[in-house]
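Q: I am new to this structure. Please show me how to read its features one by one.

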Amino acid sequence: MIHPLIFTLAATLTACTGPGAPEPTEPKPAEPVTQPETPAAPTADARALLAAERLLTLARAKDWAAISAALPAEGLRVSGSSIVRLDADTVLSPAALAGAASDAKVYRWGELPGSGLPWESTIATLLGDTLAPIAAAAVRTVNGRHDTSHTSNLAEVYPGHTWVDLHSPAGGELPAWQSAVIVLRPEGDKLLWVGLVLDRWIP
């Protein structure tokens, strides 16, 4: 007599290996893990262009606090012609930029081209007249000048700095063209706004 336990084991084995048993399957290889690509770091020129565009956006928005935060402790030097004049240019402190909305003080930026008359205005008027209107069509040149007819000493005065020339061609009666050059100084992972060179040509 066959013991019931032996009979049960034999029946189970037959069910697993007999004609109706499922075929054994090979284990599937694990899917390779795809690592996300690390985006390439922006070039120095790209960083400068982004910084300049941000300053234009802040000028249009009249966000004086944010503009002030983009300046170094020594402030922003404003040059009213293509030549930077260390002994004559106006230097604006971060506090002056922060309070530009209510500052009625009139500063001298240089001479109006073609007339020799003083170029004077408040800080808000200056940036509103020179930076805020710059359009997307303006030519952007990094570490160079789009128009080279005017003498420039940017490289001598600002060694180791980066600048972006925002050149607007003739769009009305006067001036024939104008440029706002934003000078930036690398400091750690930041680009601080240290200079604004305003150049224009009137026929």
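A: Start with two terms. Buried means under 20% relative accessible area, exposed means over 50%, and partly exposed lies in between (1.4 Å probe, protein chains only). Helices (H or I, at least four residues) and strands (E, at least two) are DSSP runs, numbered from the N terminus. This is a predicted model: local features need pLDDT of at least 70, side-chain atom pairs count only at pLDDT 80 or more, and totals for chains, interfaces and linings use all residues. Residues are numbered from 1 along each chain as its sequence is written, and side-chain values use heavy atoms, with hydrogens and water left out.

Q: Which residues of helix H5 (residues 123-130) are buried?

A: They are Ile123, Leu126, Leu127 and Thr130. Now look down the helix axis. An arc is taken over the directions from the axis to the C-beta atoms. In H5 the buried residues fall within an arc of 85°, so they line one face of the helix.

Q: How many helices and strands does the chain have?

A: The chain has six helices and eight strands. In sequence order the pattern is α-α-α-β-β-α-β-β-α-β-α-β-β-β.

Q: What share of the chain's residues is buried?

A: Of 203 residues, 37% count as buried. For the surface, accessible areas come from the Shrake-Rupley method with a 1.4 Å probe; for residues, only the protein chains shown count as cover. The chain's accessible surface is about 12400 Å², and 60% of that belongs to carbon and sulfur atoms.

Q: How many residues are in the largest nonpolar core?

A: First, the idea. A nonpolar core is a set of buried Ala, Val, Leu, Ile, Met, Phe, Trp, Tyr and Cys residues joined through side-chain atoms within 4.5 Å. The largest one here has 37 residues. Ile123, Leu127, Leu131, Trp193 and Leu196 have the most contacts inside it. Helix H2 (residues 44-61) gives the largest share of this core, seven residues. Apart from it lies another core, of eight residues, including Leu154, Tyr158, Trp163 and Val183.

Q: What does Leu196 touch?

A: Contact means heavy atoms within 4.5 Å. Leaving out residues up to four places away in sequence, Leu196 touches Leu76, Arg77, Val78, Ser79, Leu127, Leu131, Ala180, Val181 and Ile182. Now the whole chain. Among contacts between residues at least 6 apart in sequence, 51% join residues at least 24 apart.

Q: How many aromatic pairs are there?

A: Rings of Phe, Tyr and Trp (its six-membered ring) pair if their centres lie within 6.5 Å; planes under 30 degrees apart count as stacked, over 60 as edge-to-face and the rest as tilted. The structure holds one pair. Tyr107 and Trp109 are stacked, 5.5 Å centre to centre with 20° between the planes. Both Tyr107 and Trp109 are buried.

Q: Where does the charged end of Arg200 sit?

A: A charge sits over a ring if NZ of Lys or CZ of Arg is within 6 Å of the ring centre and within 35 degrees of the ring normal. The charged end of Arg200 sits over the ring of Trp119, 4.7 Å from the ring centre.

Q: Where is Lys62 found, and is Lys62 buried or exposed?

A: Lys62 is in the loop between H2 and helix H3 (64-69). Lys62 counts as exposed, because its relative accessibility is 60%. Its phi is positive, about 55°, although Lys62 is not a glycine.
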